[in-house]
Amino acid sequence: MMKVPMLALRIQVLLLAFFAIAGFSAARAAESPSVTAVLTDSETTLGRPVQLEIQVTGVSNPKPPGEINVDGLDIRSAGVSRQYSMQNFGVNYSFTYNYTIMPLRPGAFRIPPQVIDVAGKVLRTPELTLNVVNSTGGQSAGRSRGSNNRDANVDPAQIGFVEMILPKNTAYVGEMVPVQIRLGLNMRAPVESLGSGMQIAGQGFTTQKMPEPRQTVETINGRSYQVFIFKTAISAARTGKLEIGPAEITPVVRVARSGQRNPSLPRDLFDDPFFNNFFNDPAFAPSMPKEVPLKSTSTTLEVKPLPPNAPAGFAGAVGSFTLKVDASPKKAQVGDPITVTATVIGRGNFDRVTAPALEDERGWHQYPPSDKFKQDDDVGISGAKTFETAVSAKERKSKVPPLAFTFFDPVKEAYATLKSEEIPLTIEGAPSTLGSASAAAGPRATSPTPAVSATPVPARQEQDILYQMNERPAVVANFTPLYRQRSFWLAQLLPLLALLGWVGLNLQRARAGNREAQRLGQLHQEAAELQRKLRRNGSTPQEYVADASRAVQLKTAIARNVDPNAVDAETAAAAFRLDEEKRARLQSLFRESDELRYSGGRNGGAALSPEKRQQILDLIDQLHA
Amino acid sequence: MKRSLFYPSLGCVFLALLLCLADTVHAQEADAFARANQEFAAGRFGEALDLYNGLVNRGEMSTALFYNIGNTWYRSGDLGQAILNYERALVLEPHHPEAEANLRLVRDKARALELRRNSVERAVGRGTSAQYAIAVAVSFWVAAFALAGWLLARRRSSTLVAILSLSVLLLAGCGYALYLLETGANGGALAIVTAKTTEARLATADNAGTVLALPPGSEIKILSTRGDWSYAALPNNLRGWIPAKNAQQVRM
């Protein structure tokens, strides 16, 4: 029972180990960069270009090889293609740098190893040899390849046709000439593939990469053809009469097998043996794939040289272009980058269109531009190439100077320079003065360098950095902002404690103030009750006098904020600033009160007259602070 | 009596030993700094960088150290690293005149791009993060005291109201300035392009469209990171992806 799970477990472990090893080895392989270089043909004829492909794999950002110079060969970059693929959890990078090699003279040429800088490692391509012959022998040899499979009985003219259309028969060197090639294949010969694609034979020109052909069906002379329309453009690399073509292609079509003709049908039903049997139609009869070489007629293109004395800014652009320029932002400070966007729109050899240059670079820094091309057609000879160049002003500016782009216009047969309008903007701030900055820094006490001279330094003198600091500060700094440091928050405890202490103290004071207010309230209440009692006239003389003296004490205590029991006649008289007569009456009142209180009423037990009571009441009412 | 003096004496000896140890460490660091300077003066920039970086790794960071490292990278021909270290020196001491002068010079030579700063950021940049943090703390506590006084007073004082209003305004202003400093072009996300060739791209692929070519020493502000790529705010108000290894953050 346990054997099966154990076996499954072992298989799982083995599979895991296998995938781990495979993944590791794949990752190792992906890590190790490599470079190869191949020629599409190691032998060619004079004027017939070949392609050189330098392929770098295993690295994401190789430094492209530089210009390749070989005496007798005109080698030009034809762009780079990139490929990325995921394999075993890793990404494989592959960069292919393409070059077009145009032989200028016959001989054996060695293309030296090219150095590729790959993440600090230097890789070299192998040395390649290209044999250039003066005759067409090599070419014919090349063309004869793949002919072994051809059937001599098959007439290519019955299978299809190729025609090449050039809209003009004269052009300038470098001018892009659109080419349309039509391949028609008889509908009775179904196409399996188009072989290695359409090729244009000839010498002294380069061909744009052909996109996938457009397909239609046409009826020509009563026969239905599947028509493939190829579009490309050629660019002459030398002057003189160039023979363009023929355009060649070797499609693979299905044709009837030989010897399977239906003998019951008359021989002369069709002229051609290929169609001599209705059942040769692959839909009804056995068939086999056949390579059928087809080619067009060649045509002649007369290539004229560009006129001499090209303008200084001319970089090889030939065509018809317009220029559109903009800059943003419109307001900046000295030293701030401004993006100048220049768009070259039109038709021509965009691979030779370079970034328009500032007509007057004084006071500006110009950084390397970036470019992107948006093509409007299938072959890339019409579109818009946009350059974004970052510039920064060294001083105050009010406009971006015009940008200039020079090209050769084959229609007008003259060089043309496009100039943009000045772009108004505002650059503010102080000019960048490096010299003054260095001088302003001045020598420090630790400086071993001599003092800055007062003599003006020539503006173009190479500036150098200031001296090295020799004294190491005792305090160690760090990049943590102050508000993220613990000491900062600990320091906040001090004001927090102070605030809490202060608030506590104030609350205590407020509470004490409340007690005093309560005491005063009680005194007021008692004084009011006594006043009412004195007016009621129902009390004994002893009580009346005692209440009156108590009322005086309360009024004095309220006025002076003192203890009412400590108030005597003198204190009350002083508190209310009484005259002598009232003072005497007050003293008399207190005396009578004391006598009545301490003697028990023996010396003053007689009843108080209403006048006397009124006098006492008046005296109390007159006590105001 | 003897017993009572034993423990204080032991404590004093221990403290003296600690002080001696700290002094020895400080002397060693100073010696490394001086030796690095000597190597620099002798033109052995690689050795000088090793010694300087050793100090950085041990946490002995200072304005002078980063300034000297910047000078050494400059002499070694790496302008991006030189600018990075001058920037670090200026973070620690924002108005260090030598670092400012050398940074201007090297930036001009490298044609490095700078992040755009608006007028508010430029005005705020005159102060330092520490200054604004202290101002925020002081204004907060003044406002707190004024508010407490206003609440506790029997009679509402107009002076207290004025102080409270002013301190709240100051608190808000300094807080905003601190926020701008920390999140703006000079904030914690500031990084310097150190690779020789860097192109900001529209997507995280080497064949994606180019947004901007960034010379070494250019300023960027890293907004996010995805794998080996960083999404960054670029000079001229652009944004794009750059390989993460091509730039280093200024604040360590």
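Helix 7 and helix 8 of chain A cross in a left-handed sense. This is a predicted model, so please read every value below as computed from predicted coordinates.

- Helix 7 covers residues 541-560 of chain A and helix 8 covers residues 569-576 of chain A; the two pack at an angle of about 50°, with 10 Å between their axes.
- Angles under 35 degrees would count as roughly parallel and those from 65 to 115 as roughly perpendicular, and helix 7 and helix 8 of chain A are therefore oblique to each other.
- On the helix 7 side of chain A, the contact is made by A:Val552, A:Thr556, A:Ala559 and A:Arg560, while helix 8 of chain A brings A:Thr571, A:Ala572 and A:Ala575.
- Sorted by class, this contact has four nonpolar residues, two polar ones and one charged one.
- In the loop between helix 7 and helix 8 of chain A you will find A:Asn561, whose phi is positive, near 55°, in a residue other than glycine.
- Is A:Asn561 buried or exposed? A:Asn561 counts as exposed, because there are 10 C-beta neighbours inside 10 Å and the cut-off for exposed is 12 or fewer.

**Chain A as a whole**

- Chain A holds ten helices and 33 strands.
- Chain A has 625 residues, and 26% of them count as buried.
- Among the contacts in chain A with a separation of 6 or more, 72% come from residues 24 or more positions apart.

**Where chain A meets chain B**

- On the chain A side, 44 residues are in contact with 50 residues of chain B.
- Which elements of chain A give two or more residues to the side that touches chain B? They are strand 25 (337-348), strand 28 (370-375), helix 4 (434-441) and helix 6 (493-536) of chain A.
- Helix 6 of chain A gives the most to this side, with six residues.
- By class, the side of chain A that touches chain B has 25 nonpolar, 14 polar and five charged residues.

- Strand 28 of chain A, one of the elements listed for the side that touches chain B, pairs with strand 29 (residues 382-393) of chain A in the antiparallel sense, over six bridges.
- Opposite A:Gly383 in strand 29 of chain A stands A:Gln375.
- Six residues lie between the strands of this hairpin, and A:Gly380 takes a positive phi near 80° there.

**Other backbone features to check**

- A:Gly245 and A:Pro246 are joined by a cis peptide bond with omega of about 10°; A:Pro246 has its place in strand 18 (residues 240-249) of chain A.
- A cis peptide bond also joins A:Ser328 and A:Pro329, with omega of about -5°; A:Pro329 lies in the loop between strand 23 (319-328) and strand 24 (331-333) of chain A.
- A:Glu413 is not a glycine, yet has a positive phi of about 55°.
- The loop that holds A:Glu413 runs between strand 31 (403-409) and strand 32 (414-419) of chain A.
- A:Glu413 counts as exposed, because 11 C-beta neighbours are inside 10 Å.

Definitions and conventions:
Residues are numbered from 1 along each chain as its sequence is written. Chains are lettered from A and ligands numbered from 1 in the order in which they are written. This is a predicted model: local features need pLDDT of at least 70, side-chain atom pairs count only at pLDDT 80 or more; totals for chains, interfaces and linings use all residues. Helices (H or I, at least four residues) and strands (E, at least two) are DSSP runs, numbered from the N terminus. A residue is buried if 20 or more other C-beta atoms lie within 10 Å of its own, exposed if 12 or fewer, and partly exposed in between; C-beta atoms are placed from the backbone. Two residues are in contact if their C-beta atoms, placed from the backbone, lie within 7 Å. Ala, Val, Leu, Ile, Met, Phe, Trp, Tyr, Cys and Pro count as nonpolar, Asp, Glu, Lys and Arg as charged, and the others, Gly among them, as polar. Axes are lines fitted to C-alpha atoms, for helices over the stretch in contact, and angles run from 0 to 180 degrees between N-to-C directions. Angles under 35 degrees count as roughly parallel, over 145 as roughly antiparallel, 65 to 115 as roughly perpendicular and the rest as oblique. A crossing is left-handed if the near helix is turned anticlockwise from the far one by less than a right angle, and right-handed if clockwise. Two strands pair if DSSP finds at least two bridges between them.
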